Amino acid sequence: MNQDIKPMPGLEGRVALVTGATRGLGLAIARKLCASGCHVLVNHRGPASAADDALAALAGLAGTAEPARADLTRPAEVEALLARTGERHGRLDLLVHNAASWHPGSALGVAARPLRQDLATALAPLLAAAPLLPGLMGGRGGRVVAISSSGARSAVPGYVNAGLAKAALESLVRYLAAELAGHRITVNAISTAKIDKGVPTGNPAMLKILAERTPAGRLTTPADVADAVALLCADEAAWIHGQTLTVDGGLGLMP
């Protein structure tokens, strides 16, 4: 329930854009920021009705929300979305890049088209947005947070396309962090492992094993990741640049 979300102090009145925000992890991030008093732009690429359920889920929180339709693999649509944001709100304070795609495959048989799609979803939004961010965020302490995964560093079966895309995303985060720091914009990533979304996903026996191996005693939830995003958006995170924060309950520590 929305009343159970603990707000992050200091984010009131911020304008936040969350990509891929209509369900799952993206929606959890949007809820956290909206509960903290942000005005959240709920990005989606489907019809206008695709955002209706997400907007309903954000109703009644401390902040406000609006739909932000754009296919972020298309640079022109990214630029248009940010231009509209500047016209309507005068600024953008927080950009959370959560949108992702995953085409299962083997490293011994990578197909070019699925790989290009996963790379485009991971990289194109930030590459297109980066030149515009100093004008929208510069001088006010802007925040960019990208969502990565443990597959960027570990070999996960069937995950090669998305793993390559996430590894490239983490590298891009470091390059952007170095070039945007002078504009008082921080760029960081959050890496997580298998997420418990509250619905059956994958092999139950495997999920049970992963939960038991996690030192904190359970799988990571979308709310765990959303809390970490809010931490990186706080004023106190101003001196964190180009880092990938692992949010997995300690699972990555285990052999």
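**View 1. Lys32 and Asp227 form a salt bridge in this predicted model.** The closest N and O atoms of the pair are 2.9 Å apart, where a salt bridge is a side-chain nitrogen of Lys or Arg within 4 Å of a carboxyl oxygen of Asp or Glu. The pair links distant parts of the chain, since Lys32 belongs to helix α1 (residues 24–35) and Asp227 to helix α8 (residues 222–233), 195 residues apart; helices (H or I, at least four residues) and strands (E, at least two) are DSSP runs, numbered from the N terminus. Lys32 is buried at 7% relative accessible area, whereas Asp227 is partly exposed at 34% (buried means under 20%, exposed over 50%, partly exposed in between, with a 1.4 Å probe and protein chains only).

**View 2. Arg45 and Asp71 meet through their side chains in a salt bridge.** The N to O distance is 3.9 Å. Arg45 lies in the loop between β2 (39–44) and α2 (52–58), and Asp71 in the loop between β3 (64–69) and α3 (75–89), so the pair ties together parts that are 26 residues apart in sequence. Arg45 is exposed at 58% relative accessibility, while Asp71 is buried at 16%. Arg45, Asp71 and Arg74 are linked in a network of salt bridges.

**View 3. Glu66 pairs with Arg88 in a salt bridge.** Their closest N and O atoms are 2.9 Å apart, and because Glu66 lies in strand β3 and Arg88 in helix α3, the pair ties together parts 22 residues apart in sequence. Glu66 is buried at 15% relative accessibility, whereas Arg88 is exposed at 55%.

**Notes on the views.** Residues are numbered from 1 along each chain as its sequence is written, and side-chain values use heavy atoms, with hydrogens and water left out. In this predicted model, local features need pLDDT of at least 70 and side-chain atom pairs count only at pLDDT 80 or more, while totals for chains, interfaces and linings use all residues.
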